[in-house]
Amino acid sequence: MQNWALSIALDNPADAKVVETTPLTLADGQIRVTIERFALTANNVTYATFGRAMRYWDFFPGDDGRGRLPVWGTAIVSESRCPAVPEGSRWYGYLPAAAELVLTPAQVRSQGFVDASEHRSSLPQVYNRYAAVADRDEHSEQMQMVLQPLFITAFLLDQVLAEPDRAWAGAQVISTSASSKTAIAMAHCLARRDNVAHVGLTSGGNVAFVERLGLYDRVVSYEDLASLNAHTSAVIVDFAGDADLNRRLHTQLAGVLRANIRVGGAHWTQSAPPHDLPPPKPEFFFAPDHVVRLSKDWGREAFETRYATAWLAFAADAERYFTVEEVAGAAAALRIYTALIGGQFSPAASMTVRSQAQ
């Protein structure tokens with residue numbers, strides 16, 4: 001299928017199918033990009049799980065009343081009615097899991113542009129920026145599209161956890177879904193700090209993998225929560241979004257739990273908030289808000305410098321943590337997404353998808 005998109009029910013991430021799409025006619029100032037390759041990770045499951053609540057479905061509206069899954073990847077301009085963005089130029093950024101996309105470039109520079117499509121004007125601008133791709137180092141591009149979108153969340157969590165005026169200052173950090181890539185990236189950042197006790201929670205089958213990373217002070221299976229230190233103040237960083245797990249943790253840590261930072265929904269089928277959860281109430285972590293806040297506090301240049309330094313350090317080590325695997329075509333994209341939804345992937349695997357089968 002040449003023109004296709006992954007179509008997902010707005011309130012059921014597991015209800016996914018491939019649909020054929022009709023190319024839109026370009027208006028003056030618009031470009032059509034052919035999507036080359038994109039990553040699929042648990043991060044995308046979070047986009048689908050919180051598609052309505054966090055407006056992820058609003059970025060790429062479909063004509064069938066269903067969602068278009070946001071992904072990160074590369075695309076090439078196949079048709080242009082915007083002289084500043086020529087045909088053949090390549091770009092990296094936020095895309096749908098699909099064959100193509102129409103964009104309206106604005107603020108065009110040699111390094112990138114912003115999509116000024118009207119329906120995206122009220123959405124977080126961090127998702128509307130597209131960066132020029134200068135080379136064709138495929139492996140580097142694959143690692144970037146898999147890891148960099150989630151690393152910004154990890155970097156921001158690290159900064160927030162270190163802020164001395166927070167209720168959790170000095171507390172032990174307990175991460176759920178410790179085998180997820182965002183959790184691993186945050187663990188990499190925290191491991192570079194002094195005096196941060198970090199416990200990783202994961203399924204029994206992933207304990208060995210998480211221990212081999214050497215990034216957590218201790219790795220605990222979900223079956224062994226009773227072994228957690230319930231006498232030291234703690235903050236939960238919740239990448240799993242599992243209601244039952246949260247209830248067990250809040251009960252186990254009653255009196256010492258300072259905060260529960262909700263990040264993701266890897267355990268999406270159990271993500272509905274429990275009604276009888278002991279305090280404190282979980283608070284959702286929305287990365288774009290912290291980008292804006294820290295850029296204002298530090299200055300944009302300082303923010304970008306600190307982020308780039310942390311990213312390069314993680315990217316260098318990530319080669320030891322993960323392998324890259326690639327599939328091609330619409331059917332393969334659906335198969336990989338379905339496997340992610342079902343939790344059927346090795347945590348070491350990094351999946352990328354070429355939009356067209358070879």
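Predicted model: local features only at pLDDT ≥ 70, side-chain atom pairs only at ≥ 80, totals over all residues.

Me: What is the order of strands in the open sheet of three strands?

Reply: Strands of a sheet pair through backbone hydrogen bonds, in either a parallel or an antiparallel sense. In this case the order is S2-S1-S4, and the pairing is antiparallel. Strand S2 (12-20) and strand S4 (67-68) stand at the edges with a single partner strand each, so one side of each has no neighbour in the sheet.

Me: How many bridges pair strand S1 with S4?

Reply: S1 (residues 4-9) and S4 are paired over two bridges in the antiparallel sense. Serine 7 has arginine 68 in S4 as its bridge partner.

Me: Which helix lies across S1 and S2?

Reply: Helix H8 (residues 330-341) lies across both strands, and it runs at about 180° to S2.

Me: Which strands pair with S10?

Reply: Strand S6 (residues 90-96) pairs with S10 (residues 129-132) over two bridges, in the antiparallel sense. Within this pairing, tyrosine 92 has alanine 131 as its bridge partner in S10. Strand S9 (residues 112-115) also runs antiparallel to S10, and three bridges join them. Here phenylalanine 113 is the residue whose bridge partner in S10 is tyrosine 130.

Me: Let us turn to the rings. How many aromatic pairs does the structure hold?

Reply: There are 24 aromatic pairs. One of them joins phenylalanine 155 and tyrosine 307. Planes over 60 degrees apart count as edge-to-face. The planes of these two rings are 80° apart, with 5.5 Å from centre to centre, and the pair is edge-to-face. Phenylalanine 155 belongs to helix H2 (residues 138-161) and tyrosine 307 to helix H7 (residues 300-321), so the pair ties together parts that are 152 residues apart in sequence.

Me: Are phenylalanine 155 and tyrosine 307 buried or exposed?

Reply: Phenylalanine 155 is buried, at a relative accessible area of 2%. Tyrosine 307 is buried as well, at 14%. A further pair consists of phenylalanine 314 and tyrosine 321: the ring centres are 6.4 Å apart and the planes are at 40°, so this pair is tilted. Both of these residues are buried.

Me: Which residues form one aromatic cluster?

Reply: The cluster consists of Phe151, Phe155, Trp298, Phe303, Tyr307, Trp311, Phe314, Tyr321 and Phe322. Over the ring of tryptophan 298 sits the charged end of arginine 306, 3.6 Å from the ring centre.

Me: What does glutamine 159 contact, leaving aside its neighbours within four places in sequence?

Reply: Glutamine 159 is in contact with Arg193, Leu294, Trp298 and Arg306. This glutamine lies in helix H2 and is buried, with a relative accessible area of 10%. Its side chain makes a polar contact with the side chain of aspartate 158 at 3.5 Å.

Me: Finally, where does aspartate 238 lie, and is this residue buried or exposed?

Reply: Aspartate 238 is located in strand S14 (residues 234-238). With 1% relative accessibility, this aspartate counts as buried.

Me: Which polar contacts does the side chain of aspartate 238 make?

Reply: The side chain of aspartate 238 makes a polar contact with that of threonine 176, at 2.7 Å. The aspartate 238 side chain also reaches the backbone nitrogen of glycine 241, at 3.0 Å. Not counting residues up to four places away in sequence, aspartate 238 touches several residues, among them Asn246, Asn260 and Arg262.

Terms used: Residues numbered from 1 in each chain as written. Heavy atoms only, no water. Pairing = 2+ DSSP bridges. Helix = DSSP H or I, 4+ residues; strand = E, 2+ residues; numbered from the N terminus. Contact = heavy atoms within 4.5 Å. Axes fitted to C-alpha atoms, helices over the stretch in contact; angles between N-to-C directions. Phe/Tyr/Trp six-rings, centres within 6.5 Å; stacked < 30°, edge-to-face > 60°. Buried < 20%, exposed > 50% of the residue type's maximum accessible area, 1.4 Å probe, protein only. Lys NZ or Arg CZ within 6 Å of the ring centre and 35° of its normal. Polar contact = N/O pair within 3.5 Å; in protein donor to acceptor, adjacent residues only side chain to side chain.
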